[in-house]
Amino acid sequence: MTVLYWFQNDLRLYDNPVLSAAATVTDDLIPVFILDDTITRPLGGAQRWWLHHSLTALINKLKKQGITLLLRKGNTQQILIELVQKYNVTAIYCHRSYEPAMLQYQQALQRYFAAQEIIMHLFKGYLLTEPSIVKNKSGNYFKVFTPYWKFVSTLITPTQLLPTPNKLSQRSKIVSESLASWQLLPTHPDWSHGFAIWQAGEDAGQQVLQHFIEHGLQNYAEDRDRPDRLGTSRLSPYLHFGEISVRQVWQVIKQAEIAVPGLQKGAQAFLRQLIWREFSYYLLWHFPLFYQKNFRAEFDKFPWLNNQSHLRAWQQGLTGYPIVDAGMRELWATGYLHNRVRMIVASFLTKHLLIHWCEGEKWFWDTLVDADLANNSAGWQWVAGSGADAAPYFRIFNPTLQGEKFDPNGEYVRKWVPELANLPNKYIHDPSQAPRDILTAAGIELGHSYPLPIVNHKIARETALKSYQACRKTNK
DNA sequence: TGAAATGTTGGGGCG
DNA sequence: ACGCCCCAACATTTC
């Protein structure tokens, strides 16, 4: 019998329970990946780049076992029906999605095929916990992170990680589209040369995890806030595309925590971040329009501004606030942005420029290699103040102070805003306060070689606080 | 996973 | 010696 394995955001062979299950029931496995931009949001540009390289890695890995990955572009349902008929498929295996629209689509397919006596297996595995079963004591779903984290971390029990199946077998003759024909890589212009810091695919993901445990975990609790250091795990794109199993990440970090004294603090801080990912999906599950609708309805009244030139200055890293500009340029160049700086630039867009968080969310969606519907929405709503357990609206980052605190020597700014490189530390996070002779000595002419601040911090802060009054609940 | 405004305290300069 | 004031340095409150 022939079995279809439908690859989605699970582009790996190791610890892939669904693939392992499929492999045990068939000697004719057809792995398929379908590029379909109609079910959920179309992929952003950075994600398309990543996907190209991830699929390349997967294709090569499967090829070593004599397996061809079948690539198709178009309407998923039509393609699956066509493949089922063409190859006389008896069962379909795939991971269950936790994006509401995609899950509905999968379940509709499952019913369709069931009517034709073809079983479509939808396995869990993308998350550590099932969003539908996690409830607080009063039977409602959690809306505050800390109690969620406390509860959920007790639910996760270790399981045996599954080895890479090494006896995959394929008898059918596969006709696939070529990956190149999908044109996932940018050509004119090719903006991707800064993406060379990344290596997609599950082997690279394993190396990144290993490297993080050996070098990053110990000081993670402090260094994860330091954009001038390589303190974060950088696992997010691998987790998003399922190139690494979240179950593996959780267990390996847990093991390291127990085995090595001194890792507990770092390990706990990191596991907490993994649970933020769970929490994001959990919220999306219970609030399916999370990515476009304020979680807290009172924010529907917020008087957002629609200033296109401000939006463009933010996107291009030309706001006149060095830490913001450094972040936006890092994002554009590498498809990545340090988490602390994500918060700073997001706070700046929503609170200094008063631009709707959806604009920022869309920009991140297009530019991040780890763009993820649940995490991206949750992060933006958290910063904007409209989300669940969000930062209070009055928490407005002072970009200068944030820079001084988390990039104390200005190394991060100098890397990404080279025109400021010769400024002394004292002014690196606030060039507009530097005396004229110091600016001249550093080769800077504000307004020309580097912009003046597009808004004044003090005034912007006061305006934001006033604007937020509009969406405070009326009956206090 | 703030920052600014406001309040309090205590050491030291000074008349 | 004493009180007064100044003002860091912290602490608390407020947005």
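The model is predicted: local features need pLDDT of at least 70, side-chain atom pairs count only at pLDDT 80 or more, and totals for chains, interfaces and linings use all residues. Residues are numbered from 1 along each chain as its sequence is written, while chains are lettered from A and ligands numbered from 1 in the order in which they are written.

**Exercise 1.** State which domains chain A has, and describe the contact of domain 1 with domain 2.

Solution. First, list the domains: domain 1 (2-126), domain 2 (128-158 + 201-286) and domain 3 (297-469). These bounds come from an automatic or database domain assignment. Next, take the centres of domain 1 and domain 2 over C-alpha atoms; they are 26 Å apart. Domain 1 puts 18 residues into the contact and domain 2 puts in 17 residues; two residues are in contact if their C-beta atoms, placed from the backbone, lie within 7 Å. On the side of domain 1, helix α2 (residues 45-63) gives the largest share, five residues. Finally, sort that side by class: nine residues are nonpolar, four polar and five charged. Here Ala, Val, Leu, Ile, Met, Phe, Trp, Tyr, Cys and Pro count as nonpolar, Asp, Glu, Lys and Arg as charged, and the others, Gly among them, as polar.

**Exercise 2.** Describe how α10 packs against α9, α15 and α5.

Solution. Two packed helices are described by the angle between their axes and the distance between the axes. Axes are lines fitted to C-alpha atoms, for helices over the stretch in contact, and angles run from 0 to 180 degrees between N-to-C directions. Angles under 35 degrees count as roughly parallel, over 145 as roughly antiparallel, 65 to 115 as roughly perpendicular and the rest as oblique.

- Step 1, α9 (residues 246-259): its axis and that of α10 come within 9 Å and cross at roughly 165°, so α9 and α10 are roughly antiparallel. The contact joins V246, V249, W250, I253, A256 and E257 of α9 to Q264, A267, F270, L271 and L274 of α10. Nine of these residues are nonpolar, one polar and one charged.
- Step 2, α15 (residues 373-384): the angle with α10 (residues 264-286) is about 90° and the axes are 8 Å apart. The two helices are therefore roughly perpendicular. R277, S280, Y281, L283 and L284 in α10 meet L373, A374, N375, S377 and A378 in α15.
- Step 3, α5: the axes of α5 and α10 come within 10 Å and cross at roughly 105°, which makes α5 roughly perpendicular to α10. F145, Y148, W149, V152 and S153 of α5 meet L271, R272, I275, E278 and F279 of α10. Seven of these residues are nonpolar, one is polar and two are charged.

**Exercise 3.** Name the residues around DNA strand B and sort them by class.

Solution. A residue is near the strand if its C-beta atom, placed from the backbone, lies within 6 Å of it. The residues are W276, M343, A391, F394, R395, F397, N398, L401 and Q402. By class, six are nonpolar, two polar and one charged.

Terms used: Helices (H or I, at least four residues) and strands (E, at least two) are DSSP runs, numbered from the N terminus.
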